[in-house]
Amino acid sequence: MESSVATTMTPQSLKAIRSPGYGSLFVRRLRADRVTLACLAILVVIALAAIFADHLALADPLKTSMVRRLKPIGTPGFWLGSDELGRDMLSRLVYGGRMSLLMGTWPVANAVIVGGALGIVAGYAGGWLNMAIMRTVDVFYAFPSVLLAVAISGALGSGLKNAIVALTVVFIPPLVRIAETAATQVRGLDYVEAARASGAGAATIIRVHLLPNVLGPIVVYASGLFSVSIILASGLSFLGLGVEPPQAEWGLMLNTLRQAIYVQPWVAILPGAMIFATSICFNMASDGLRAAMESRS
Amino acid sequence: MSDAERWTPAEDLGGPAEPLLKVERLTKHFPVKSAGLFQRKRVARAVDGVSFTIAKGETLGVVGESGCGKSTTARLLMHLIEPDAGEVIFDGELVGETLGLRELRRRMQMVFQDSYASLNPRLTIVDSLTFAPVVHGVPAAQALALASELLEQVGLDPKVVLGRYPHELSGGQRQRVNIARALALKPRLVILDEAVSALDKSVEAQVLNLLVELKQRFDLTYMFISHDLNVVHYIADRAMVMYLGKIAELGPVEAIYAAPRHPYTRALLAARLSTDPQARTYAVALEGDPPNPIDPPSGCRFRTRCPLAAEVCAAQEPATVEVGPGHSVACHLYDPASGNREAQANV
Amino acid sequence: MSEPPMLEVSNLSVAFATSRGTIQAVNGVDFHLRRGETLCLLGESGSGKSVTLRALMRLLPEPLARVAGRVVLAGEDIYGLPERRVEDLRGKTVSMVFQEPMLAFDPVYAIGRQIAEVITRHEGVTRAQADARALELLEKVQIPSAKQRLSAYPHEMSGGMRQRAMIALALACNPAILLADEPTTALDATVQMQVLLLLRRLQAETGMAVMLVTHDIGVAAEMADRVAVMYAGRIVEQGTVAQVLKDPLHPYSQGLLASTVHAGWKGRRLEAIPGSPPDLIDPPPGCAFAPRCPRRFALCEKNSPQDTGLTEGRSARCLALEAQPS
């Protein structure tokens, strides 16, 4: 039978000897990257402010006041000025952040799940299934993303839900591509062949071998999409598709403050500045993520 | 009885007389992208009607240059690629009918050349080793014990290695892990596809010693694929020489190395580098490059480089002829029926 | 022997700064190479042989790689020259052949054009003359249908042919020294022999000095006049090919030769060198081979052995040899 084992390993002793995994290596490298950390910090602040807006001592974002229209920055009570209907800018920016961040992140998250799944299946299966999925995706690629977003949003009608659906559809094709490329590449590696050779089924192989190795490129690419999504979402709102007034949302605010640019330029560009700052932070953070994930020791 | 309780190598069904592996007319043609829409469909005839057997407990060495189809043959046997034609019979059972794929995987395993690419970089060694047994139903604790034991048997310390990642090990250690991984399912046949080729020479010797030891201890049968003729001479009992998807010569390793019959085998053996600086090689054994498996030459595929090629070689594919006990050659020179003038003299 | 050597290397060291520490890839290497001679650097992966070769042409990325010591190539101190002057030497006086033929060629240009480019860069001849020379070179390296191959792209050629084309590229300007890094490792056996014989013939014709890096003892036996065995960044033994391969002095050389697989061992256990090469970060004191050496004694772990010059051109780094009266 089996020869006697001189030393026996138990799950406990195994835990003790495990090397630091990619997780901790990644975190360590990230910790050394000041720029990325700063960007992540800013994003966290914006996100927290947006989530806990109700608990901050902010003015009512919907309360109008025709008397106090277009006040400049620094006015007591309206620290960042007021908009064309007299609403407090600071409050609207924070509440608007909620909408903008939601429209920036949710479509990307959806697209990662749907697009990632489609791409991994296409990459692993190969053959006609791959062709079917990828050629369908290619059709969507023919359209520039802005046009596609506007077209779908226009067809569905305005409103937050429809805007998110439109943006999700726009982001699925590139994510399918990224996922398929990564999956195809990993599938050709010897360790996947070895896993197939050991009799594992497709689902197990995808879960254990493909997913961890494919998630990296997907996540990095998706993090770059956040900024695109925020800009597109703001664009949709600007065009009247997406969030409807009197809701606060940065893109919509840019639209309604257009006239005010001659009167109070600094107040009028504030929503634009927020979009800009958030996108830049997402971009830098995504670069930093990629760098931290990239090199192995 | 669950898989876990049955965690022993498969029984010997056929007895010692039955070959462990019998391969008949194995064929695989890969489609090649054609230049235009209306061009004739081209195929790469990677493996073309290959037939051989492996006896229980022996080591069959497979040699050949790039494009000969040895790696493709290995992958066809493992069913990592689907064959176009041919039968594989494992210990008397026909694969695909009497013997299912999942069962086949338990009986036949493979060690690949690239020790790093063979291991998932995101998994620790223990996870890589326990993956296969767990897939086949072995409970986690038992799989862990199995993994520890296997590492000890391949000469590594489980306490050190189990928790590591592949990039933290040296090439030799990784290859030992790959061997352990192949043994985790307690196979009877192990295919080694250039398993020592990428290792340093000093490590190669260690791993070869290990392979010989493991073969004895676990009563294994090996198919040892290599481009290194000296290693094959050392480790194999029988040798098979492949060229462009076909078998050129097959027989006991001593017979082939001492008196090679096929002109290609002769060239291959003559192309070995001398290790004696006072006995250098001054003539090229063979001109030209190994041709492409797409559109191979008509008749005998070796004829374009063969110094002894005759007219019949372009017209007809050579039949496989016995030239000694268990020794066969596919060459018109040894087939009196081929019409080759020289053939009579060689019988 | 009155002519000064084409290449003279004294106390060459190369260190790489990494996040984990300093890797001492090459640790004080001395050798020389004369016109018409072939020197083989024999060693396994991690021995520092490829790094040494690249250091000779100043191909290592500075400042990541810190190079110390002297490299005098055709009378010029390579590390004392401005980069521009070194560029003049590369390709003209010294050139290199790599393991992977694809590395040397740009995949988007035809090989004839790339060879001609090297010639025009260094010799300032007209394009037509350079093309004619390129054709001559392809014929010299025995590429069949050379005229058509001039306009071939690298990916259209087989491995053996690409390697010959790379040799043609390296020889374009008649260099005095040819450096070759594992030139035949990636080739099939039958092609390997062709390329080695070609190199031998070309060397006999041009009289150039050749330095060959390999891990294959067969390559050394077939090609070298002299052999230097490298281990962990040091040359542990040096001598003529017959001396080193037939009568090795250093335990590592002996182990390497003993563990070479050949039919004579059939049925017996191979004599393998136990253990694996050391980590080059913070090399421990003493002899780098000591942990694996069958002949080590207590002093080996403390003292680093010096190069014992035994006779002209023959040396080995081993404390056991230092102790013996020569």
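Analyst: Two residues are in contact if their C-beta atoms, placed from the backbone, lie within 7 Å. In this predicted model, 36 residues from chain C and 36 residues from chain B take part in the contact between these two chains.

User: Which elements make up the side of chain C that touches chain B?

Analyst: The elements of chain C that give two or more residues to this side are α7 (159–171), α8 (189–206), α9 (217–223), α10 (241–246) and α11 (251–258). The largest share, six residues, comes from α8(C). By residue class, the side of chain C that touches chain B divides into 18 nonpolar, 12 polar and six charged.

User: What makes up the side of chain B that touches chain A?

Analyst: Here 35 residues of chain B are in contact with 30 residues of chain A. The elements of chain B that give two or more residues are α2 (101–107), β6 (108–111), α3 (125–135), α4 (140–153) and α5 (158–161). With five residues, α4(B) gives the most. The residues on this side of chain B are 16 nonpolar, eight polar and 11 charged.

User: Which of the two pairs of chains in contact shares the most contacts, and how do you know that chain A and chain C do not touch?

Analyst: Chains B and C share the most contacts of the two pairs. For chain A and chain C, no residue pair meets the 7 Å C-beta criterion; their nearest C-alpha atoms are 9 Å apart.

User: What confidence does the predictor give to the complex and to chain C?

Analyst: The complex has an ipTM of 0.86 and a pTM of 0.85. For chain C the mean pLDDT is 88, and 98% of its residues reach 70 or more.

User: What makes β2 and β5 of chain C edge strands?

Analyst: The sheet in question is open, has four strands in the order β2-β1-β4-β5 (chain C), and pairs in the antiparallel sense. β2 (21–33) and β5 (76–77) of chain C each have a single partner strand, so one side of each is left without a neighbour in the sheet.

User: How do you know that β4 and β5 of chain C pair?

Analyst: Pairing requires at least two bridges, and strand β4 (residues 65–73) of chain C is joined to β5(C) by two bridges in the antiparallel sense. The bridge partner of L73(C) in β5(C) is E76(C).

User: Why are both faces of β6(B) called covered?

Analyst: A residue is buried if 20 or more other C-beta atoms lie within 10 Å of its own. M108(B) and M110(B) on one side, and Q109(B) and V111(B) on the other, are all buried, and both faces of β6(B) are covered. β6(B) runs parallel to strand β7 (residues 189–193) of chain B, with four bridges between them. In β7(B), I191(B) is the bridge partner of M110(B).

Technical notes. Residues are numbered from 1 along each chain as its sequence is written. Chains are lettered from A and ligands numbered from 1 in the order in which they are written. This is a predicted model: local features need pLDDT of at least 70, side-chain atom pairs count only at pLDDT 80 or more; totals for chains, interfaces and linings use all residues. pLDDT is the predictor's confidence in each residue, from 0 to 100. Ala, Val, Leu, Ile, Met, Phe, Trp, Tyr, Cys and Pro count as nonpolar, Asp, Glu, Lys and Arg as charged, and the others, Gly among them, as polar. A residue is buried if 20 or more other C-beta atoms lie within 10 Å of its own, exposed if 12 or fewer, and partly exposed in between; C-beta atoms are placed from the backbone.
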